[in-house]
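Have a go at each task before reading its solution.

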Amino acid sequence: MLLHVHILGVVLYNVYAAAGEDVTLKPSPPDTKPVRLFTEEDLARYNGQEDDQPIYMAVKGAVFDVTSGKEFYGKGASYNALAGRDSTRAVAKMSLEPADLTHDTTGLTEEELKSLDDIFNDVYKKKYPIVGYTSQRILNKDGSPNRDFKPEDQPHFNIRDEF
Ligand code: HEM
């Protein structure tokens with residue numbers, strides 16, 4: 001029966017196709033999953049304190065899975081403070097001061113911004129998969145979409161199956 005329906009479909013398609021332009025074939029759904037958005041609370045759950053959880057941190061609003069860098073970001077490791085949050089400012093300034101553990105780039109020097117971009121591109125994007133974005137980067141404070149948002153051109157963009 002299934003075979004017959006299938007064949008009927010093929011026949012009808014051919015008939016319509018032969019008849020002219022009016023055929024609109026639905027494109028197959030793209031083989032992608034939705035991008036995960038992380039609130040600050042979501043991200044904080046992946047701060048390296050739980051051994052069985054992945055470790056995430058954000059730089060410039062892109063959330064990286066840094067679990068493979070456990071020796072840097074895991075519990076008790078030197079850069080653990082950067083995990084579980086957007087640490088853009090800390091990375092730009094190479095600082096672990098609590099006040100710098102924020103996404104806020106206000107007042108950074110040209111040199112710090114350049115250093116941020118270099119580390120973003122040459123360390124984080126090269127080494128770690130992006131698993132989502134901070135909601136703050138995509139939505140404005142009032143919840144409206146941030147029109148300046150541009151997804152990173154990420155060759156190993158890899159949304160994990162859990163999403
Ligand atoms: C005396 C101070 C420091 C020394 C000697 C040091 C040393 C290092 C070394 C040797 C690496 C490379 C490790 C590897 O690839 O195997 C590294 C990576 C890194 N360091 Fe430092 N560091 C210092 C301070 C800091 C501070 C204050 C920050 C603050 C943000 C920082 C952030 C990073 C980051 C983000 C990486 C890349 C980690 C990764 O690959 O995921 N470092 N550091």
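**Exercise 1.** Find the largest nonpolar core and the residues with the most contacts inside it.

Solution. Start with the rule: a core is a set of buried Ala, Val, Leu, Ile, Met, Phe, Trp, Tyr and Cys residues joined through C-beta atoms within 7 Å, where buried takes 20 or more other C-beta atoms within 10 Å of a residue's own, with C-beta atoms placed from the backbone. Elements here are DSSP runs numbered from the N terminus, helices (H or I) of at least four residues and strands (E) of at least two.

A word on ground rules: this is a predicted model, so local features need pLDDT of at least 70 and side-chain atom pairs 80 or more, while totals for chains, interfaces and linings use all residues. Numbering runs from 1 along each chain as its sequence is written.

**Exercise 2.** Work out the strand order of the open sheet.

Solution. Count two strands as paired if DSSP finds at least two bridges between them. The 4 strands then line up as β1-β4-β3-β2, with mixed pairing. β1 (36-38) and β2 (56-59) each have a single partner strand, so one side of each lacks a neighbour in the sheet. Now zoom in: 4 bridges join β2 to β3 (residues 62-65), running antiparallel, and Ala58 sits opposite Val63 in β3.

Note on methods: A residue is buried if 20 or more other C-beta atoms lie within 10 Å of its own, exposed if 12 or fewer, and partly exposed in between; C-beta atoms are placed from the backbone.
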